[in-house]
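Trainee: I am new to this structure. Please take one part of it and go through it closely, then follow it into its surroundings.

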Amino acid sequence: KNMRSAASTPKNILATIVVISSMAAAILLRPCHGFQQQIGALTRAARSSVPSSHSLRIRRADGASQLVALQYNTRSFSRLYSSSSDDNSSEKARILFLGTPDVAATSLKSIYEQSQNPDSQYEVVGVVTQPPKRRKRRGKEIPSPVGLVAEELGIYTLCPEKARDAEFLDELENEVKPDLCITAAYGQYLPKRFLALPKFGTLNIHPSLLPRWRGASPVQRSLEAGDNPVGVSVLFTVSKMDAGPIVSQESLEIDENEQATTLLPTLFDIGTKSLIDALPKVIKGDITMDTVTVQDESLVAEASMIDSSEGQLWPTKMSAQECHNRARGFSMWPGTFLYFQIGDDGSSDPVKVKVVETRVLEETAEPTNVIEIGPKKGDGLRLVCSDGSVLEMLKVQPATRNVMDAKSFVNGLQGNSVRWLSGMDE
């Protein structure tokens with residue numbers, strides 16, 4: 001009723017049409033967290049007395065004149081539909097950022113902060129991320145880390161179920177109009193229509209030294225394989241996964257005990273800095289698909305998606321170094337585990353124990369399935385593999401228990417012996 005009343009005068013008809021059209025388009029595209037608040041602001045604006053035009057000429061803090069559309073107390077909408085009339089801003093490239101997890105959120109912050117410099121040649125006009133998810137069955141939908149940062153920064157955000165959705169691609173083509181796209185662990189395949197939109201192409205931050213470890217799990221697979229150095233690549237995106245020409249690469253020597261949990265953020269930080277350094281040349285046209293390094297297909301290694309069953313360690317088949325590398329690589333997910341038998345009589349059920357932190361000892365020993373703690377303070381649980389190599393487990397987590405060091409685990413055994421079991425789930 002109030003909306004009809006607001007629209008009853010000619011000067012408000014246009015505003016009402018804008019509100020309804022925006023709501024319809026946004027519902028189709030399923031915008032992210034905060035959309036209800038944006039719609040509420042638009043509705044309140046339509047109810048209020050507004051000028052006959054839905055575009056406003058404003059004076060920014062830096063003195064530049066700017067034409068802003070849909071200026072209804074929503075920073076994200078106004079940024080999306082804004083165009084600047086001063087000489088510097090009018091030439092700024094429009095960047096669309098795509099990402100989902102924490103590492104991508106950090107990249108978005110860095111790129112956005114850089115875009116706020118007075119001499120920046122680009123602006124972040126939109127963000128695409130995975131739809132919000134419920135952490136519990138009846139819990140509240142929680143936006144992705146990138147979605148939360150985008151809302152904090154007031155950047156217009158879209159969360160399509162699939163990147164190939166026609167409504168989503170129409171919105172990008174007709175409204176967002178990106179000049180350059182940047183992807184960082186977005187998590188969806190980008191169709192050819194998407195890749196054809198930005199005139200400067202799409203850049204991707206990939207945490208490996210391509211063409212080694214193309215695919216979904218590059219850091220995990222590189223650590224599992226014992227790679228050193230590791231690295232990060234910035235490349236143009238093409239239809240084939242991670243196969244585009246390389247803009248830049250940075251290698252990094254790592255500690256033999258480095259885990260994926262700490263390495264992944266480090267590589268994304270390095271990759272983001274490399275990408276930011278390259279952006280001016282990409283926008284100027286000095287760096288293009290034709291001027292950068294083509295990948296050598298003969299050196300490709302695939303970083304296949306990890307299955308949870310791969311987390312089990314097999315001391316009968318794997319050396320201590322192989323067990324250690326897998327524990328490092330799978331530290332984020334799914335983790336690595338063994339089955340323990342507590343006590344000598346075999347009456348207790350096998351216990352699944354997550355192996356959280358390990359190291360490889362230089363010494364060798366006679367193969368055995370008996371696990372014992374080392375003699376010195378701070379030593380871990382020692383597991384001897386079939387080849388005689390020794391894996392020391394510094395931190396473990398028995399099922400239903402918290403992570404604990406080796407001494408705490410032994411104290412809880414109450415004098416019982418412990419053996420690792422082979423053949424479980426094989």
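Mentor: Helices here are DSSP runs of H or I with at least four residues, strands are runs of E with at least two, and both are numbered from the N terminus. The model is predicted, so local features need pLDDT of at least 70 and side-chain atom pairs count only at pLDDT 80 or more, while totals for chains, interfaces and linings use all residues. Residues are numbered from 1 along each chain as its sequence is written, and side-chain values use heavy atoms, with hydrogens and water left out.

Helix 11 itself has 25 residues and reaches 36 Å from its first C-alpha to its last, close to the 36 Å expected; the expected span is 1.5 Å times one less than the number of residues. At Ala-278, shortly before Pro-280, helix 11 has a kink of about 35°, the bend being the angle between axes fitted to the seven residues ending there and the seven starting there.

Buried means under 20% relative accessible area, exposed means over 50%, and partly exposed lies in between, with a 1.4 Å probe and protein chains only. Of the 43 residues in this core, Phe-97 and Leu-108 touch the most other members. Leaving aside residues up to four places away in sequence, Phe-97 touches Leu-108, Ile-111 and Val-146, among others; contact means heavy atoms within 4.5 Å.

A second, separate core of 23 residues includes Trp-314, Leu-338, Ile-371 and Met-393. Lys-317 lies over the face of Trp-314, at 5.1 Å from the ring centre. For a charge to sit over a ring, NZ of Lys or CZ of Arg must be within 6 Å of the ring centre and within 35 degrees of the ring normal. The charged end of Lys-352 likewise sits over the ring of Phe-337, 4.2 Å from its centre. Phe-337 is buried, at 11% relative accessibility.

Terms used. A nonpolar core is a set of buried Ala, Val, Leu, Ile, Met, Phe, Trp, Tyr and Cys residues joined through side-chain atoms within 4.5 Å.
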